[in-house]
Amino acid sequence: MNEKYFPTEIEERQQQRWAEAKVFEANVDESRPHFYCLEMLPYPSGRIHMGHVRNYSIGDALSAYKRMTGYNVLHPMGWDAFGMPAENAAIKNNSRPDTWTFENINAMRAQLQRVGFSYDWRREIASCTPEYYRWNQWFFIQMFKKGLLYRKNATVNWCVKCNTSLANEQAEGGFCWRHEDTPVELRELEQWFIRVSKYADQLLDDLDTLEGGWPERVLTMQRNWIGRSKGAEVDFAIDNTIETGCETHLIRIFTTRIDTIYGASCMIVAPEHALIDELIASGKASDELKAFVEKQRATSKEDRIAEGTEKEGVSTGLFAINPFNGKKLPIWTANFVLTGYGTGAIMAVPAHDERDFEFCKKYDLPIVRVIKMTDSTEPHDAPVEAPFTAKDESGLLINSGEWSGKTVPEAIATMTAKAVEGGFGAAQTNFKIRDWGVSRQRAWGTPLPFIHCPTCGIVPVPEDQLPVELPKDLNFNTQGAPLAEHAGFVNVNCPTCGNAARRDTDTMDTFVDSSWYYFRYVDPHNTELPFDPKVAAYWTPVDQYIGGIEHAVLHLIYTRLWTKIQRDLGLITFDEPVKNLLTQGMVCLATARCEEHDWLNPTEVLDGKCKFCGRDAKIGRTEKMSKSKKNTIDPDEMINTFGADTVRLFMLFAAPPEKDLEWDDSAVEGASRYLNRVWRIVYKWHEKVSGVGVQVSEFSPSESSDAARALRRKTHQTIQRISNDIGQRMNFNTGVAALMELTNAIYDFDKKVDENNAGDMFALKEALEALVKMLAPYTPHIAEELWAALRGEGGHTDFVVVSAWPAFDAELAKADELEIPVQINGKMSGRVIVAAEIDDEALKQAVFNDEKIKAKIAERQIVKTIVVPKRLVNIVVK
């Protein structure tokens, strides 16, 4: 063992040892408990960043702990390799996206291996390889056969920079998820869709099974995104006494409050509603109406309903008949009514809906109260100052014909039944979530495995002809879909009738690739199926998944959907893909800006000035590391300076895993100093303790010093604490703090140890070995090196990263004494030191015998004494 710690030399040596011994390779072993630890796979953009390092350090530490506690751990890695950046780079450089992608994969793999993450690299996948995307195509064919995949004309979100369509989830807020400054456009295209609607109830209801394992924030986001509403659809006939020139004779609305239908003041349809198109085409639309519709259709839906946007509308001049009371209601169109959710039409009930109240008050439409509080004595025709929106038993119907006097829940049930019985309505459940549009018009993605035949229609490619591969000579620099311009790809004979036909020229949304990749990890070389169901039954579902909160309503909904589809295809038997989810915080760094050079790295600011031009440059707020803001730190530079273990230790110590981490150079240096401190104390004692042969069974506490007994207690307390911190709570930062405390205790003992006392030497050896073992999940390279040094001649021959986690003795871990805080009338007034096993009565006596406490309560009457066993005493006096 060298006297000094040289991390680069050590890390290279230990990584080679692990690789040669294949210590991280995992295979099915029914005799052992298994654990599947997974971090979200990266896009191969060219370099890993500190966000990657943090994510993977968390997963690696957990994987190491599970291995050491006896689990057969699967910990794989791969690449989400299709996507626009590669295609855009190919266009820019007149090259191929696969060349760019695989160069990046090679570079990033080397970076990950340099950090020493414990991946089973035999299982590596890249979603852009035919061996992988063949199974995307296979899944689509199975879904097509089961009616879960269909094609239709649809208005889609279009990003002009991506030159492709986007799913609703990828255009949230009206902007492209990749280009956050680019508003999406709406275009009409024929698209492929996965029938999410069939699984909407399951996607929502099964969230309940994830309580406790998934963050509540993610569950809430998904519930809101799925957005189930139970209500009724009701048909309002258009008044036929007015010549409309329209073919539409009914307006169907969806409402969750059919009980308020007697309070409807008007009907409002979306500017895109078919009735509006027909009215304009008939020539009977007013100029005001046409101008309003044109303006609204040119405005994004997100802007139309944005907070603070004024509600605007125009009357169509038409009327509809309320089917419950025969009342004529004017038909309006307004900016806040949208197509895509419900029916694109509503009934406005201003007395019981805030939005409707604002609109109807503005346009002087009637406001009729039809619900009141059950105990209200206010007249039924009193002016409505604010809408009453209660939907529970506290609401009672008024001004509602035969339903007056019923509670809201009673009225909803009976009025829905009336609509069904009368043939003008139906009970209905609607969802905010939509079927998943999976067609894309770019080429660096999985080709859709379908052939369009003039005779046979849409025909799946025969499965023995999969994969349908991307052409090697494809021109990516085109205005339209590149595959559509490649004659050799497009022109094909129909596999059913043999006549000339055309391949589908769209590719799949790249979220398809990441929806099931971790199932492929379990059986990555299978050529008969996406994976062997028996192998998947052993490893899956995933025990722990780690990734960013930004994936809560994209990837994490899609992957839950895909799991349910795989279940229905007979590949698996469970409903949810992931038992436990951790959404780790971001890695942040201060930003800086200069008028001349825009964003600067904070290191480029010297004494408040830009180092390039000398202009004022202010350090701004701490934000997520971003290349565009130049507030990034290169992992390779940090590893070159401090070593991979130091970077990993800082990432795990600086903040709890779910919280944002602020990069701090001085804290990184502190992590390095700590590892050097551990190295020095092990170096000092490794030869002497390696020869200590006393076993725990032979150890006699009476033969050891008080200092040795105290060190043993600290050792076992630390093992107990870290076992709980990592194994139960995944609080890696508190575990590092505990290791530092143990290290301090070892240094304190170093000043007192008697080398001739077997008890002292045993306590020291036990503490050093436990420290090194518990460091292994955090800093595996230095732990491996120190473990080898401690083994001595004929000592440890195993790898510390797969050795048994140290066990703690519960009796030894007990504290001899406790420090109990004492309050007087709830205010901290002192502390007492007592035996750890003290009972409540003895604790009270110890408090009342304390001189400082006696002085503070002298001549005051004790009202009562509250004892929280072994934690707190509160004396109430007057």
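1. Basis of the notes. This is a predicted model, in which local features need pLDDT of at least 70 and side-chain atom pairs count only at pLDDT 80 or more, while totals for chains, interfaces and linings use all residues. Residues are numbered from 1 along each chain as its sequence is written, and side-chain values use heavy atoms, with hydrogens and water left out. Helices (H or I, at least four residues) and strands (E, at least two) are DSSP runs, numbered from the N terminus.

2. Strand β24 and its partners. Two strands are said to pair if DSSP finds at least two bridges between them. β24 (residues 587-594) pairs with β29 (residues 661-662) in the parallel sense over 2 bridges, and with β25 (residues 598-600) in the antiparallel sense over 3 bridges. In the latter pairing C594 has D598 as its bridge partner, and a hairpin through 3 residues joins β24 to β25. β24 is mostly covered, since 7 of its 8 residues are buried (buried means under 20% relative accessible area, exposed over 50%, and partly exposed in between, with a 1.4 Å probe and protein chains only).

3. Helix α18 against α2. α18 (residues 644-653) is packed on α2 (residues 50-68) at an angle of about 85°, with the axes 9 Å apart; axes are lines fitted to C-alpha atoms, for helices over the stretch in contact, and angles run from 0 to 180 degrees between N-to-C directions. The two helices are therefore roughly perpendicular, where angles under 35 degrees count as roughly parallel, over 145 as roughly antiparallel, 65 to 115 as roughly perpendicular and the rest as oblique. On the α18 side V647, R648, M651 and L652 take part in the contact (heavy atoms within 4.5 Å), and they meet residues of α2 that include M50, V53 and R54. Of α18's 10 residues, 9 are buried, among them V647, R648, M651 and L652.

4. Helices α8 and α9. α8 (residues 274-281) and α9 (residues 287-297) pack at about 135°, with their axes 11 Å apart, and are therefore oblique to each other. I276, D277, L279 and I280 of α8 meet L289, K290, V293 and R297 of α9. That contact divides into 5 nonpolar, no polar and 3 charged residues, with Ala, Val, Leu, Ile, Met, Phe, Trp, Tyr, Cys and Pro counted as nonpolar, Asp, Glu, Lys and Arg as charged, and the others, Gly among them, as polar.

5. The four-stranded sheet. An open sheet of 4 strands runs in the order β31-β30-β33-β32, with mixed pairing. β31 (827-835) and β32 stand at the edges with a single partner strand each, so one side of each is left without a neighbour in the sheet. Within the sheet, β30 (residues 817-824) and β33 are paired in the parallel sense over 3 bridges, and Q823 stands opposite N874 in β33. Helix α25 (residues 840-849) packs on the sheet and touches β30, β31, β32 and β33, its direction making about 125° with that of β32.

6. Residue K870. K870 lies in the loop between β32 (862-868) and β33 (872-877), and is partly exposed, with a relative accessible area of 37%. Leaving aside neighbours within four places in sequence, K870 is in contact with L818, I820, A836, E837, I838 and L843. Its C-alpha atom is separated by 7.7 Å from that of D840, 30 residues apart along the chain.
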